[in-house]
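Visitor: Hello! I am new here and would like to learn how to read a structure like this one. Could you walk me through it?

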Amino acid sequence: MTSGITATPSADRAGRVCLITGATSGIGRAAAFALAGHASCLLLVGRNANAGRQVGALLQRKHPSLDVRFMPGDISSLAAVRQLANAVKSATTRLDILINNAGARFDVFSQTPEGIEATFATNHLGHFLLTARLTESLLRSSAARVINVSSSAHAAATRPENWLMTAENYDRRQAYARSKLANVLFTYELSRRLAVCAVSANAVHPGMVFSGFARNNGWVSWLKHLVSHGLRRELISTKHGADTIVYLATAPEVAGVTGKYFFKRRAISSSPLSHDESLARELWSASIRLGGLDTSLGPAWNDFTP
Ligand SMILES: NC(=O)c1ccc[n+]([C@@H]2O[C@H](COP(=O)([O-])OP(=O)(O)OC[C@H]3O[C@@H](n4cnc5c(N)ncnc54)[C@H](OP(=O)(O)O)[C@@H]3O)[C@@H](O)[C@H]2O)c1
């Protein structure tokens, strides 16, 4: 495994070049193991360098010919995402599969050093910026697939007046629900914008998964999360949670399918609000502004507001 970013993945090896955010644990880690057999190069993103290197080493042992690289990066930091995107572009000219999976819920209001509420920054804005900065690499693939990991929690979101909650109006459940609504709105808008290109974009609800989700809030919060879903007999393994993601990334029958919301390998309805195109445009414009994007990334990333 390479932990630095130096070489270009061997062009002579057939297979896909895949990037997974949040690949150091949980659903993303399970997706990496399942995708390893379908890829020539796996780029694993996360903050925990020990865990990242460990996952990389295990994958390398199981798949000696696989080019596995751990790319440390904090997706909630715009500066780190810019750096990460540059590192990806130095590592590979082409990206076939982009899995925007990293995510968290924050029980207490917090902001990134750049002043952006942490749930929105982690779950949506960082991935918006990463996708924007990697569009060129996606367009070099003959059929790129972008998979955004959302949640059924998106359906609990109310229409936000402002995408960034403040310390005064912070509600952890609503902040999480809105960030997951943002994942679906972003997916649909991206698929409309890339309709003429060979890039598909779909969103996924992975199910209620026995993972490290909510552990950033302490053991009590994590256990409460597990117990509440466990009592409802909803919990599934990370491997099962990753199943639809891997299906969307690899299955021939979903080639060209775009702008859908999937659960258990089937396209299902997302909430009515997630289909609101004016809200999608509002989110797009806010993300362009907050992410500091300019027009140099091509027409797909133009703002709606003049
Ligand atoms: N678990 C569920 O029941 C459930 C249900 C619906 C949807 N989801 C969604 O599934 C996705 C994965 O969650 P999970 O259950 O696998 O949770 P998890 O076990 O806590 O894994 C989260 C992953 O995201 C990474 N991550 C978190 N913050 C990050 C940041 N700022 N920068 C880079 N990486 C970051 C973590 O890596 P590092 O700590 O190394 O950064 C970790 O690899 C999330 O988007 C979540 O919203 C989960």
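Guide: Gladly! Let us begin with the word "near": a residue is near a molecule if one of its heavy atoms lies within 4 Å of it. Please keep in mind that this model is predicted.

Visitor: How many residues surround the ligand, and which are the closest?

Guide: There are 30 residues around the ligand, and the closest are Thr 24, Arg 47, Asn 101, Tyr 176 and Ser 211. Sorted by class, this shell has 17 polar, 10 nonpolar and 3 charged residues.

Visitor: Which side chain has an N or O atom 2.6 Å from an oxygen atom of the ligand?

Guide: That is the side chain of Tyr 176. The backbone takes part in such pairs too: an N or O atom of the Asn 101 backbone lies 2.7 Å from a ligand oxygen atom, and for the backbone of Ile 27 the distance is 2.8 Å.

Visitor: How much of the ligand does the protein bury?

Guide: On its own the ligand exposes 890 Å², and the protein buries 93% of that. The elements giving two or more residues to the shell are helix H1 (26-35), helix H6 (172-193) and strand S7 (208-209).

Visitor: And how is the packing of two helices described?

Guide: In general, one gives the angle between the axes and the distance between them. Here, H1 packs with helix H2 (residues 49-62) at an angle of about 20°, and their axes are 10 Å apart. Angles under 35 degrees count as roughly parallel, so H1 and H2 are roughly parallel to each other. The crossing in which H1 passes H2 is right-handed.

How values were computed:
Residues numbered from 1 in each chain as written. Predicted model: local features only at pLDDT ≥ 70, side-chain atom pairs only at ≥ 80, totals over all residues. Heavy atoms only, no water. Polar contact = N/O pair within 3.5 Å; in protein donor to acceptor, adjacent residues only side chain to side chain. Areas by Shrake-Rupley, 256 points an atom, 1.4 Å probe, with all protein chains shown as cover. Helix = DSSP H or I, 4+ residues; strand = E, 2+ residues; numbered from the N terminus. Nonpolar A, V, L, I, M, F, W, Y, C, P; charged D, E, K, R; others polar. Axes fitted to C-alpha atoms, helices over the stretch in contact; angles between N-to-C directions. Parallel < 35°, antiparallel > 145°, perpendicular 65-115°, else oblique. Left-handed = near helix turned anticlockwise from the far one by under 90°.
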